[in-house]
Every structure is written in structure tokens, then in C-alpha cells.
Number of protein chains: 2
Amino acid sequence: MVKFSKSTTIIHTVDVIFYKQRGFHAIIWFENERFVRRRGLGMITIKDIAEMANVSRSTVSRVLNNSGYVSEDARKRVEQVIKDTGYVPSTNAKALRTKKSKVIGVILPTIQTETPSRIVTGLGRELSKHGYQILLANTDHQKEKEMEYLQVLKIHQVDGIVLLATNTDKKLIEAIKKLNIPVVVVGQEVEGLLCVTYDDYQSARELTKYFIDKGHRKIAFIGVDESDRAVGYERKRGYLDEMAANGLSVEQSWVQKGVFNIHSGYEAMQKILETNNKPTATLAVTDRLAIGAMSYLREVGFNIPTDMAISGIGNSEMSQHLNPPLTTIDYENEKAGEEVAKQLLASMDSQQVAKKIVMDYRLIIRESV
Amino acid sequence: MVKFSKSTTIIHTVDVIFYKQRGFHAIIWFENERFVRRRGLGMITIKDIAEMANVSRSTVSRVLNNSGYVSEDARKRVEQVIKDTGYVPSTNAKALRTKKSKVIGVILPTIQTETPSRIVTGLGRELSKHGYQILLANTDHQKEKEMEYLQVLKIHQVDGIVLLATNTDKKLIEAIKKLNIPVVVVGQEVEGLLCVTYDDYQSARELTKYFIDKGHRKIAFIGVDESDRAVGYERKRGYLDEMAANGLSVEQSWVQKGVFNIHSGYEAMQKILETNNKPTATLAVTDRLAIGAMSYLREVGFNIPTDMAISGIGNSEMSQHLNPPLTTIDYENEKAGEEVAKQLLASMDSQQVAKKIVMDYRLIIRESV
DNA sequence: CCTTTTTAGGGAATCGATTCCACATGAGGG
DNA sequence: CCCTCATGTGGAATCGATTCCCTAAAAAGG
């Protein structure tokens with residue numbers, strides 16, 4: 001309990017106490033075994049703690065940061081007052097002085113798809129263990145907002161930035177480097193920056209190999225624009241390389257391009273089936289594209305996997321509930337998010353240079369192939 | 001362009017300039033038509049701007065905040081320097097002084113489901129229009145973290161809090177009220193707080209009525225635990241009331257309870273079909289439950305909607321791609337998020353009291369009923 | 001032409017922490 | 001007994017803004 005000096009005047013024994021000492025006074029009340037300063041009187045500051053514990057602000061700060069010399073006696077008193085009042089130091093004042101905000105900025109194109117939301121979940125889980133918070137900068141797919149948010153994050157003095165980018169714009173990267181704030185880029189490789197990426201090439205290749213092992217020779221591919229290096233370019237390269245490595249040819253009409261939604265997969269499959277030389281399997285670079293493709297296949301009476309085998313990538317929640325359940329690649333995004341946090345924290349206190357982390361993946365075999 | 005005084009010494013004409021005036025000096029360089037202070041020299045402050053524009057910090061502040069008297073001449077100079085340097089005031093210093101951080105805290109149980117991620121998207125969209133950022137506090141379904149995050153948000157001096165709660169704990173509500181920070185609760189009604197809710201009762205009722213209008217008399221219901229007032233209790237009440245209003249009886253086995261995932265809907269439907277008095281329609285309180293239920297129906301060879309009609313609630317992205325496309329309720333979560341932002345901003349500058357906003361909903365008729 | 005009022009802008013305090021520096025003890029070494 | 005050194009603590013400057021207060025000049029009014 002707080003020890004009151006002689007000058008403390010108790011007005012109401014149970015719940016309201018007028019506390020006066022060394023010029024400081026405030027109305028505090030008793031509740032849940034702790035003293036709380038009355039709302040509206042402004043927040044409780046280090047000065048108040050110092051006065052209540054009969055020490056200087058310096059000493060309170062030393063206790064708070066566990067630095068410098070503090071006698072056992074003073075420490076005890078300060079800690080007791082802090083406990084009694086529920087005091088927590090203002091992060092703004094702290095940030096102003098130390099230039100460390102305990103906030104990490106996250107720039108992402110959307111949180112409405114599973115990959116980013118899983119990554120952010122993992123990221124937040126790990127960051128919160130170390131007392132960091134996430135400042136969200138959702139560009140909502142508007143590229144011009146990326147730059148804007150970069151500025152916003154800077155002025156909020158974030159200690160680090162996580163960039164979930166799809167298309168890594170040169171200008172943006174330059175701007176990021178100039179900020180001189182530790183950054184981790186997730187999902188895309190960027191020269192000169194710390195990146196946590198997925199093995200898009202290998203996973204697509206392994207998936208293709210799985211089709212081949214299952215006896216398929218004519219394998220189609222539903223991709224996305226190659227300006228997305230990871231999803232568009234690397235996955236396609238994995239597919240093409242594995243086909244070539246097995247001496248399998250690829251008809252032009254088998255390789256279709258969509259965007260990131262279900263309907264796009266539907267249309268792509270429609271185009272794939274327009275050929276006379278029909279493939280027996282299709283690799284879609286996202287589960288949503290695969291779902292759309294399956295939807296079309298069902299519509300035209302194709303049986304999956306006998307008439308057409310299909311796989312996605314991403315292990316969406318829905319994938320296991322499809323009919324048939326979808327074979328796909330699990331990138332363990334939450335784990336990746338945690339890894340991103342670890343890397344970022346590490347690079348924050350050790351001026352670590354650029355480094356590439358490639359995450360593992362798992363082939364999830366279900367009944368669609 | 002910055003005007004240099006006589007004492008400015010140009011060392012390198014093109015890219016490095018040594019700028020000295022009234023005691024201030026720094027190395028700046030020319031790039032993209034603007035002067036940038038060298039990295040590592042620390043951030044550029046209002047003091048620098050003041051010195052470059054030959055005015056006092058007070059004047060710069062007045063320009064920045066568009067307050068007090070500033071001559072046209074001085075304003076022009078300051079604005080030019082700000083533009084040239086790309087200066088933006090530190091939000092921490094500002095927050096420390098003004099107690100306004102331009103940050104809104106959002107506490108949510110997860111961002112991995114569509115409802116919260118859509119709400120946050122809408123919220124962020126509207127907030128960013130007014131220069132606010134979102135500080136994310138994802139409890140990851142751990143109730144004990146709610147309180148913890150409340151403290152975190154407080155010490156970060158957030159200007160407002162948005163609570164996306166499923167179960168509104170008394171203690172949490174009390175703690176929120178005590179913080180004395182404007183709050184908006186989304187999706188659940190809480191006494192004494194500003195709430196933006198959905199019309200769970202009416203929408204469930206209308207959906208039930210739709211089944212009845214379609215000729216169904218024996219209608220089953222897949223709900224969730226009633227501790228979730230909105231989804232568990234209100235939607236169930238809407239269903240029961242509409243059934244009663246039409247003189248339709250409800251068999252106990254028709255009313256099942258699940259949790260918020262797909263598999264749970266599968267199991268619920270399994271239980272529903274164990275009865276001899278089989279219903280001809282089922283209302284599931286979320287799309288995911290409906291998807292699971294459909295999955296079971298397909299497995300046991302039921303045709304939808306002829307053998308069993310089914311509907312969900314929530315208008316998930318997947319719902320329109322199901323076979324058959326799912327009849328559901330659209331709550332327009334993004335719009336709700338925007339409304340939340342508007343309400344919060346309004347309550348922030350007008351000490352508005354508690355108020356209930358009930359959002360509209362749309363019945364989305366597809367082929368599953 | 002003198003007084004009021006408006007306009008302009010600088011100085012200094014302030015917000016809530018951290019941190020450097022100076023000073024005061026007390027213990028130990030010679 | 002004096003000197004050094006480890007320990008403990010307070011004072012004051014600082015971080016980067018805002019804002020109150022005060023002074024000065026210009027404009028308006030009589």
C-alpha cells in the first residue's frame with residue numbers, strides 16, 4: 001500500500017481520499033485493492049509516482065528501466081506505488097525521448113484474403129510477446145497509397161515496417177530504403193532488403209511433379225500476371241521447368257492467366273477446355289482460382305479427379321471442404337508471420353543487413369488429384 | 001525553392017550543399033526537385049523549418065495548424081520550406097502536447113474471418129480520410145488479452161477504440177467505460193455505449209419468412225451458443241418468433257448448435273437428419289455453417305434445394321460460388337465499418353452519449369432455397 | 001495626431017518521459 | 001587519517017511539437 005505522510009488528509013475512509021504531499025494533490029479512490037486517480041484529472045505521470053514514493057523522477061525512471069543504481073528500499077517503494085496506482089508510462093513521451101515507439105507498421109494491399117490475414121495474425125502474436133503493437137496501413141489495393149502510408153508510418157516513428165507487397169515497385173523500395181527504418185518484405189524477394197519468402201518455385205515444381213507421378217502428361221496451368229514475381233512468375237517457372245525436365249510439352253492454350261478471385265478460375269478453365277487437345281490435370285496457382293475452375297468443371301459434367309485432376313496453392317480454409325477436397329500447398333502463413341516478427345526484431349537491435357529467409361511448405365494431398 | 005541567405009555556402013553545386021543559417025547547419029542534397037536532409041542526421045524538426053524560413057517555431061506551428069495570425073509572406077515561405085524538405089510534424093511530440101494521437105485502437109478476436117476483416121477494411125478506409133490510423137489489437141480469441149490490450153491502447157493514447165466483440169464481458173465493458181476514451185462497439189449491443197449493430201433479429205426473421213413463403217413448414221435451425229447475443233441469441237429469436245407467428249411448430253431436434261467453422265455445420269446437419277420427422281429446410285446462422293451443412297447433404301445424396309433448402313447469413317465470398325449458390329443475408333460489413341468510423345469521429349468531438357445504430361441488411365436470394 | 005484595435009510574430013513554458021552530470025555518502029586501501 | 005571508488009539520488013536539459021503571453025507595428029477610429 002501507499003504510505004501516506006502526516007500531511008495526508010483522509011476525507012472519506014472507504015472510497016475517496018484527498019492525498020497531498022510535496023505540493024501534489026489529487027482525488028484518488030479505492031477499488032480492487034488499488035488506488036486509482038480520478039478520471040478527468042488527467043493521466044497519472046512519472047512525476048506523481050515520484051512524489052508518492054518520495055523519490056525523484058530520475059529514480060522512478062531507473063526503476064522502470066532497470067538501469068543505474070537504485071537502493072533496494074527506493075525500488076520497493078516505487079514498485080509498490082506503481083502497483084497501487086496501475087501506472088504505465090506514456091508511450092508518446094517515451095517515444096519522443098528515446099525514438100523507439102514499440103510500434104511496427106504493416107503495409108498490406110488487403111486483409112480480406114487468407115494469406116495476409118494469417119500472416120498478420122502470426123506477426124501480431126509474436127510481436128505482442130515483445131510488447132510491440134501493429135499499426136495497420138491497408139492500401140485497399142490502391143498503389144498510390146503505399147507511398148503515403150510510408151510517410152505516415154515514419155511520422156508515427158514506427159520502429160520497423162513489414163511490407164506485404166504483391167508488386168514491388170522500384171520507387172517504393174527506394175523510398176523504404178531511404179527511410180532508414182528496419183523493414184521486412186514478405187512474400188516477394190527484393191534486392192537489398194530483408195525478405196521472408198515462400199519457395200514458390202520449388203512448391204509449384206513439386207506439385208507439378210506430383211501430377212506427373214500420378215500419371216498425368218497433359219497438365220494445364222492457371223496463373224496470374226507475371227508482374228507478381230512470386231505468384232505470377234516463380235510458380236509458373238516451377239511448373240514449366242518441371243514439365244520440361246520430364247520431357248513434357250505444354251500447349252499454349254493450357255496456360256491461362258487470371259486474377260485473384262474465384263470467377264477468374266472459372267473463366268480460365270473454360271478457356272482451357274476450348275482446345276481439342278484437352279489436358280487431364282490443371283494446376284491453379286491459388287486455391288480460389290482452383291475453386292472457380294472446379295465450379296466450371298462441375299458445370300460441364302467433368303468428374304474430378306478422373307476427367308480432370310486439379311490442385312490449388314495456399315491451403316485455404318475452404319479447400320478441405322470442397323468436393324472433392326482440394327490438393328494444395330500449405331505455406332503455413334502464420335508461422336511465416338512469426339518468423340517475420342523474429343527477423344524484424346533481430347534486425348532492429350543489430351543493424352543486420354539484407355538477408356533472405358525462405359519458408360518451408362507442405363504438399364497437402366487430398367482427393368482432387 | 002528554399003532561399004539561401006548570404007551566409008549559405010555552396011560546396012557542390014549539384015548534389016551536396018552546406019546550408020548554414022542562424023546557427024543551424026546540416027548537409028542536404030538535391031533530389032527530385034527537393035532538398036532532403038541527410039539520413040542519420042536525425043529527423044527534420046519544426047526548429048529546422050523555422051530557421052530555414054527565418055521565422056520562429058510558433059509561426060511554423062501556426063502555419064501547420066492554420067491558427068492565429070500569420071502574414072501571407074511568412075506563410076508562403078514556411079509552406080515552401082515544408083514542401084522542399086518534405087517535413088511532416090512528429091506525431092509523438094504532437095500527441096504528447098495535445099493528447100490527440102490520430103490513432104484509433106481496434107480490438108478484435110480475429111481477422112481471419114470475413115466479417116471482422118471487412119469491417120476493418122471499411123473502418124480503415126473512412127478513418128484514413130480523416131488522417132487516422134488503426135492500431136491493431138488482435139486477441140486471437142484469448143479473452144484475457146482483451147483487458148491487456150485495453151491498457152496498451154490507453155498508454156498509446158489512442159483517440160478512440162473500436163471493439164469487435166463476440167461476447168461482451170461485463171468487466172471489459174466496465175474497464176472501457178472507466179478509460180474515458182470514446183468507444184464504438186460493433187456487432188453487439190452494449191448498454192451505455194455507442195453501438196453499431198446489425199439487425200440480427202429482423203434478418204433472421206425475414207429469412208425464416210422467406211422459407212415459409214417458399215412453402216416450407218418444417219424448418220430446422222443451426223445456431224451458435226447464446227452467449228453470443230447477436231449471432232446466437234437474436235438470430236435464434238428471429239427464427240423462433242417467425243415460426244410461432246405462422247403457427248409452425250419446431251421440433252427440438254431441428255434446432256442444433258455449432259461453433260464458427262465449416263465442420264460444425266456438417267455435424268449439425270448430420271444430427272438434424274437423425275430425426276424421423278425430417279425438416280425440408282434449414283437456416284444456418286453463418287455461411288460457414290451452411291457450407292458444412294451442404295457438404296453433409298451432398299454426401300448423403302440430398303438434392304439442394306428440392307430435398308432440403310438451406311440458407312446462411314453473412315454473404316461470404318464463397319457463398320455465390322457454391323453449388324447451388326447460397327441464399328444468404330448480406331450485412332454490408334464494409335459499409336458498417338465506415339459507419340463505425342463516422343460515429344466514432346462524431347463522438348470524439350462532441351461528447352455524444354450512448355446511441356444505437358442499427359445497420360440495414362439485404363436478403364440475397366440465390367438457388368439454395 | 002493621438003488612441004484604440006487588429007495583425008504579426010517571438011519567447012518561454014509545457015506535455016511525460018530519459019539521461020547526463022554533479023554531489024553526497026560510506027566502504028575499503030594504504 | 002586521507003584518498004579513492006562504488007553506490008545512490010536529485011537537478012536539469014532534452015526530445016519536438018503547441019500555446020499562452022507579451023510586444024511591436026500597422027490600421028482604424030476619433
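Contact here means heavy atoms within 4.5 Å. Helices (H or I, at least four residues) and strands (E, at least two) are DSSP runs, numbered from the N terminus.

The model is predicted: local features need pLDDT of at least 70, side-chain atom pairs count only at pLDDT 80 or more, and totals for chains, interfaces and linings use all residues. Residues are numbered from 1 along each chain as its sequence is written, chains are lettered from A and ligands numbered from 1 in the order in which they are written, and side-chain values use heavy atoms, with hydrogens and water left out.

**Exercise 1.** Describe how helix α8 (residues 200–213) and helix α9 (residues 229–245) of chain B pack.

*Solution.* 
- Step 1. The two helices pack at an angle of about 40°, with their axes 7 Å apart. Axes are lines fitted to C-alpha atoms, for helices over the stretch in contact, and angles run from 0 to 180 degrees between N-to-C directions.
- Step 2. Angles under 35 degrees count as roughly parallel, over 145 as roughly antiparallel, 65 to 115 as roughly perpendicular and the rest as oblique. α8(B) and α9(B) are therefore oblique to each other.
- Step 3. Residues of α8(B) in the contact include Y201(B), R205(B) and I212(B), and those of α9(B) include E234(B), Y239(B) and M243(B).
- Step 4. The contact of α8(B) with α9(B) involves 7 nonpolar, 2 polar and 8 charged residues. Ala, Val, Leu, Ile, Met, Phe, Trp, Tyr, Cys and Pro count as nonpolar, Asp, Glu, Lys and Arg as charged, and the others, Gly among them, as polar.

**Exercise 2.** Carry out the corresponding analysis for helix α2 (residues 57–65) of chain A and α3(A).

*Solution.* 
- Step 1. The angle is about 80°, and the axes lie 10 Å apart.
- Step 2. α2(A) and α3(A) are therefore roughly perpendicular to each other.
- Step 3. On α2(A) the contact is made by T59(A), V60(A), R62(A), V63(A) and L64(A), and on α3(A) by A74(A), R75(A), V78(A), E79(A) and I82(A).
- Step 4. These residues divide into 6 nonpolar, 1 polar and 3 charged.

**Exercise 3.** Is L172(B) buried or exposed, and which residues does L172(B) touch?

*Solution.* 
- Step 1. L172(B) lies in helix α7 (residues 170–179) of chain B.
- Step 2. Its relative accessible area is 1%, so L172(B) is buried (buried means under 20% relative accessible area, exposed over 50%, partly exposed in between; 1.4 Å probe, protein chains only).
- Step 3. Not counting residues up to four places away in sequence, L172(B) touches E146(B), M147(B), L150(B) and L163(B).
- Step 4. Among the buried residues of helix α6 (residues 144–155) of chain B are E146(B) and L150(B).
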